[in-house]
Amino acid sequence: MLSNHCSLRHHFHYRIGLLYTLLSVSAIAGALLSSSVNSSWMWLHYLTKPTATALLVFWILLIRTPVSIRYRNAIAFGLAFAAGGDFFLMLPQDYFLVGLFCFLLTHCAYIYALCCDSISISDIKNHSFHSKFVIIRTVFIILAVFIIFIIIALLIFIGLLNNLPDDMRAPVAIYATILAFMAGLAINRAIIYPFKNPMPLAQHAANTAAIGGIFFATSDSLLAYSRFYFETPLNPLLVLSTYYIAQWCFARSVIRQNQ
């Protein structure tokens with residue numbers, strides 16, 4: 001009976017993953033075809049881009065054994081805001097600032113999720129079998145990760161500075177800072193998560209969120225450069241593929257058990 005239940009659960013997650021992939025590929029195809037073949041193909045992009053993200057909200061709310069309820073709900077809120085950002089950014093009118101604000105809320109929700117299911121350095125010290133060297137090394141790595149991402153965000157912002165309108169400089173700077181902090185936090189959570197939960201499957205979920213943070217930072221950087229610096233025919237493919245991978249990783253990071 002338990003085996004049948006697990007089999008049905010795996011089948012359900014497989015179907016969701018397949019549908020999400022189909023919607024993501026359709027959104028990318030719609031954007032590429034509308035820009036290179038015929039603008040009438042944009043309907044496919046309009047239909048599938050926010051639908052793919054909304055599907056993940058529905059999916060993770062059905063997960064019975066999340067890493068934690070607060071973590072799952074925060075990721076769901078983040079995905080819901082991202083679906084709103086998808087909607088505003090794809091409109092022919094210029095709603096870039098509204099879309100940017102929606103994604104800023106997404107990153108804030110992800111930061112909350114990562115913080116509410118993480119641990120502090122004091123928790124690491126409570127593990128008596130860890131030497132002072134391990135603690136110092138862990139603290140150094142955590143700080144180094146944050147510094148690296150802040151430097152990357154600063155370099156990206158400086159590269160865009162001459163092409164940014166004056167009224168966009170402050171919003172983009174704030175957004176880049178929050179994005180860098182979210183990505184760094186996701187990676188640092190994966191680094192110190194074994195101190196909280198040494199279970200391989202739990203660690204795998206933390207690693208998945210870290211990968212999501214890296215892909216999200218990559219996607220948003222590509223989007224910023226394609227909008228304010230230069231645009232190529234491959235921009236929709238690069239921006240959307242990394243974005244959908246990132247969102248899938250964050251959705252998968254909700255699962256504690258091997259479902």
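Which helix supplies the largest share of the lining of the largest pocket? In this predicted model, the answer is α8, with six residues. The protein has nine helices and zero strands, and 46% of its 259 residues count as buried. Of the contacts between residues at least 6 apart in sequence, 76% join residues at least 24 apart.

The largest pocket has a volume of about 780 Å³. Its lining counts 33 residues, with H45, K49, L89, M90 and L223 closest to the centre. Besides α8, the helices α1, α2, α3, α4 and α9 each supply at least two residues of this lining. By class, 19 lining residues are nonpolar, eight are polar and six are charged.

A second largest pocket holds about 360 Å³ of space. Among its 23 lining residues, Y175, A176, L179, D220 and S221 are the closest to the centre. Two or more residues come from each of α4, α6, α7 and α8, and here too α8 gives the largest share, with seven residues. This lining has 19 nonpolar, three polar and one charged residues.

A217 counts as buried because its relative accessibility is 14%, below the 20% cut-off. Beyond its neighbours within four places in sequence, A217 is in contact with L179 and A183. The C-alpha atoms of A217 and T242 lie 9.0 Å apart, although 25 residues separate the two in sequence.

Notes: Residues are numbered from 1 along each chain as its sequence is written. This is a predicted model: local features need pLDDT of at least 70, side-chain atom pairs count only at pLDDT 80 or more; totals for chains, interfaces and linings use all residues. Side-chain values use heavy atoms; hydrogens and water are left out. Buried means under 20% relative accessible area, exposed over 50%, partly exposed in between (1.4 Å probe, protein chains only). Contact means heavy atoms within 4.5 Å. Helices (H or I, at least four residues) and strands (E, at least two) are DSSP runs, numbered from the N terminus. On a 1 Å grid over the protein atoms alone, a cavity is a set of points where a 1.4 Å probe fits but cannot get out, and a pocket is an open set with protein on both sides within 12 Å along at least five of seven lines; lining residues have an atom within 4 Å of a point. Grid points are joined across faces, edges and corners, and a volume is the space filled by probe spheres set on the points. Ala, Val, Leu, Ile, Met, Phe, Trp, Tyr, Cys and Pro count as nonpolar, Asp, Glu, Lys and Arg as charged, and the others, Gly among them, as polar.
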